[in-house]
Amino acid sequence: MNPNNIELLAPAGSYEGFEAALGAGADAVYVGGAMFGARAYAQNFNEEELLRAIDVAHIHGKKLYLTVNTLLKNRELKEELVSYLEPYYNAGLDAVIVQDMGVFSLLKKEFPKLHLHASTQMTVTGPEGMKFLEEQGASRVVTARELSLEEIRRMHETSPIEIESFVHGALCYSYSGQCLMSSMIGGRSGNRGRCAQPCRLPYQVYRDGKRLNNDRTGYALSPKDMCTVDILPEIIEAGVYSLKIEGRMKKPEYTAGVVSVYRKYLDKYLSGEKRPIVTKEDKQMLWDIYNRDGFHQSYYKQRNGRSMMALENEKSAGIIRNEELFTRIRKEYIDKKTPVLIRGTMSLYNGCPAILEVQAGDCRVTVEGETVQSAMNCPLGEERIRRQMEKTGGSGFMFEKLDIFMGDDIFLPMQQLNHLRRQGLEALEDDMLR
């Protein structure tokens, strides 16, 4: 594993959440579609949004993963799954997150080039499970959330496939999300994406006929959220390739805010600061964005215990949302769109075709326009040409550099310059999506 390629993976329960994740610095985003996702009550993506998100992610050099992480019925496997995924596969979907081994086997057969990520609900807890999934063709394993750093390290040493682990967000009370309680008392199956979250309800706890809690501390099955920003280096050095933030049910502001903090400290680590100190201000920001009676560092360094439990919920603890923070996050990461920076070279000489070359990363295209004319009255100046060419508008691109080489006393209609710009950007986008 190359430590400089560590992935920061963000959740998105809506298209706005997806844009927020990219704007705040996520390397990849995982989303749910119209079917088979473990968050059926999130806003989720329709087909048009999902296809657009795949393209937008790739234009920005990012990845998009789709959750197909519920248990499926035989009828759904035979009649619905393949046709549901086919347009996304054809569009270049980067991976599918899978819980059901039947789904895994079918997708391996029908879409052999599609990367399959073994969901945390596969409950992979050691080297044996890691090796098994490698043999089945998984490209990544999402570890069970109950593992220590040492257990993850042993898995990494066993197999070369990628490891993805949760670093921030809600934690299930049950083992690796294998919960039947929602079905039993709520009639809604968590393993079918419809968890009623019974662990977040208040309960009265008794022992020997004596009540041990009160109404304020009634949330006996509700774990605190995990927050591991202080130990990111240790998680990475244990072999985790993808740092996963939980929260597809949460607002875009949550996604953007959490991603921005983890991006900051991951970048510090990748730039050589091997044990960056997290500031009080950044810890407070994570606290203000969302917490359940505080945070803990999951099972990475402890087994279980009262300190991992919330006991109080946000309302009973009297927590008031920091509206100023949410407004700032929205302004900085959501309302402000992040363009793809491009470089361009333009050639305009009398009697020759107008030529525009545009480049983003390793992608480079050249387009040719109408023949440049001699100016009859008012020749075009470089600044006028530059202003017109830099009107990239809603294309998603922005020139960070545009070199213009031109002759004297030339003329080209503005509509021809506009056409050349659009033609170049469309060709560049096509090249980036191949």
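Residues are numbered from 1 along each chain as its sequence is written, and side-chain values use heavy atoms, with hydrogens and water left out. As the model is predicted, local features need pLDDT of at least 70 and side-chain atom pairs count only at pLDDT 80 or more, whereas totals for chains, interfaces and linings use all residues.

The secondary structure of the protein chain consists of 14 helices and 20 strands (DSSP runs numbered from the N terminus, helices being H or I of at least four residues and strands E of at least two). Along the principal axes, the C-alpha atoms of the chain fill a box of roughly 100 × 50 × 40 Å.

Gln359 belongs to strand S16, residues 353-360. This residue counts as buried because its relative accessible area is 15%. The C-alpha atoms of Gln359 and Ser374 are separated by 29 Å, the two residues being 15 apart along the chain.

Grid points are joined across faces, edges and corners, and a volume is the space filled by probe spheres set on the points.

The second largest pocket has a volume of about 500 Å³. Its lining comprises 24 residues, of which Val56, His60, Lys337, Thr338 and Gly396 lie nearest the centre. Two or more lining residues come from each of helices H1 (15-24), H2 (47-59) and H12 (323-334) and strand S19 (397-406). H1 gives the largest share, 5 residues. By class, this lining has 10 nonpolar, 8 polar and 6 charged residues (Ala, Val, Leu, Ile, Met, Phe, Trp, Tyr, Cys and Pro count as nonpolar, Asp, Glu, Lys and Arg as charged, and the others, Gly among them, as polar).

The structure holds 1 cavity of 30 Å³ or more. The largest cavity has a volume of about 60 Å³, and its lining residues include Arg145, Phe166 and Tyr300. That lining divides into 6 nonpolar, 3 polar and 1 charged residues.

Key. On a 1 Å grid over the protein atoms alone, a cavity is a set of points where a 1.4 Å probe fits but cannot get out, and a pocket is an open set with protein on both sides within 12 Å along at least five of seven lines; lining residues have an atom within 4 Å of a point. Buried means under 20% relative accessible area, exposed over 50%, partly exposed in between (1.4 Å probe, protein chains only).
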